[in-house]
Amino acid sequence: MTITSLSLASGPMAGGTSVVLIGTGFVGTTAVRFGATPATSFTVDSATSITAVAPAGIAGAVDITVVSPRGTSILGSSYFFREAPVLTAVSPDSGPLSGGNTVIVTGAHLLEATSLRFGTTAAGGFTVVSDARITATAPTGTVGTAGITVTTAGGTSAGYPYTYQAAPIITSLDPAEGTTSTGNAITVTGANLVSTRAVLFGTAPASFTVTSDSKIIAYAPPGVAGPVDVTASTPGGTSAPGIYTRVLRPAI
């Protein structure tokens, strides 16, 4: 009797994984062990195949042992109990509904990740950088929080929250015109503004204060006379522009 290979080389520490043992002379098998622990159950499928359910175990490699009246066969250090993946951080932790942005997932026991999901949706793609880091492309989503999960042979992580945000909207500027000098306070009204990270007048950044999800107070930077696009940017994207017009002070 001999064991030559296994259908799976690893599984979670919690056990419960079905592993097919391939070999010869299995008829009459009386015991299958993972390390020193008996399999939760096993079925002799044929003289060359046994299906065994892995018991719980501690992280690391163990021998697989098959016992029958004809003797004992051991396949040394052939099955690895793996720890479940753990997620500790996601950066950024929010993004646009359209997806496509890069998200860095940090944690532990990530090295052999087989899938990464945002809620129930598979990532647009992912690269395992190390046992502690994965770079993923966010898929499309709907407004709200989706738990990011990683699956390995050790199991599936708990979900780490990632928020899909709608793009900001600007509906009005008050006042919609001002002088070419700096310091004019503009009330920017719209929607989805609470996470605003930047307000631009053309390409020039403005200082601003977010007062609610529908209102920002922005301070127009100086510029030349004429109309200029005003945009707000959040993790959900960049708004369509509102128009602010700079005018020259009347000469005295």
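Strand E12 (residues 102–108) runs alongside strand E16 (residues 133–137), and the two pair in the antiparallel sense over five bridges. To pick out one spot in that pairing, Thr-102 has Thr-137 in E16 as its bridge partner. Please keep in mind that this is a predicted model.

- E12 and E16 belong to an open sheet of four strands, in the order E10-E12-E16-E15, with antiparallel pairing.
- The edges of this sheet are strand E10 (86–91) and strand E15 (125–130); each has a single partner strand, so one side of each is left without a neighbour in the sheet.
- From one strand to the next, the twist averages 25°.

**The protein as a whole**

- If you are looking for helices, you will find zero of them: the secondary structure comes to 29 strands.
- The C-alpha atoms fill a box of roughly 110 × 25 × 25 Å along the principal axes.
- The radius of gyration is 30 Å, whereas a compact globule of 252 residues would have one near 18 Å.
- Of the 252 residues in the protein, 37% are buried.
- The protein exposes about 11,900 Å², and carbon and sulfur atoms supply 59% of that area.
- Among contacts with a separation of 6 or more, 55% are between residues 24 or more positions apart.

- Phe-34 is found in strand E4, which covers residues 31–34.
- Is Phe-34 buried or exposed? Its relative accessible area is 3%, under the 20% cut-off, so Phe-34 counts as buried.
- Which residues touch Phe-34, once its neighbours within four places in sequence are left aside? The contacts include Val-19, Ala-39, Ala-52, Val-53, Ala-54 and Pro-55.
- Also in contact with Phe-34 are Val-62, Asp-63, Ile-64, Tyr-79 and Phe-81.

**Aromatic pairs**

- How many aromatic pairs does a search of the whole structure find? The search finds five.
- One of them joins Tyr-79 and Phe-81 in an edge-to-face arrangement, with 5.2 Å centre to centre and 80° between the planes.
- Tyr-79 counts as buried because its relative accessibility is 1%, under the 20% cut-off.
- Phe-81 counts as buried as well, at 2% relative accessibility.
- Phe-118 and Tyr-162 also form an edge-to-face pair, with 5.2 Å centre to centre and 90° between the planes.
- This second pair links distant parts of the chain: Phe-118 lies in strand E13 (residues 115–118) and Tyr-162 in strand E19 (residues 160–165), 44 residues apart.
- Phe-118 is buried at 3% relative accessibility, and Tyr-162 is buried at 0%.
- Ring pairs also link Phe-34, Tyr-79 and Phe-81 into a cluster, which brings us back to Phe-34 in strand E4.

Key. Residues are numbered from 1 along each chain as its sequence is written. This is a predicted model: local features need pLDDT of at least 70, side-chain atom pairs count only at pLDDT 80 or more; totals for chains, interfaces and linings use all residues. Side-chain values use heavy atoms; hydrogens and water are left out. Buried means under 20% relative accessible area, exposed over 50%, partly exposed in between (1.4 Å probe, protein chains only). Contact means heavy atoms within 4.5 Å. Two strands pair if DSSP finds at least two bridges between them. Axes are lines fitted to C-alpha atoms, for helices over the stretch in contact, and angles run from 0 to 180 degrees between N-to-C directions. The radius of gyration is taken over C-alpha atoms; the globule rule is 2.2 Å times the number of residues to the power 0.38. Accessible areas come from the Shrake-Rupley method with a 1.4 Å probe; for residues, only the protein chains shown count as cover. Rings of Phe, Tyr and Trp (its six-membered ring) pair if their centres lie within 6.5 Å; planes under 30 degrees apart count as stacked, over 60 as edge-to-face and the rest as tilted.
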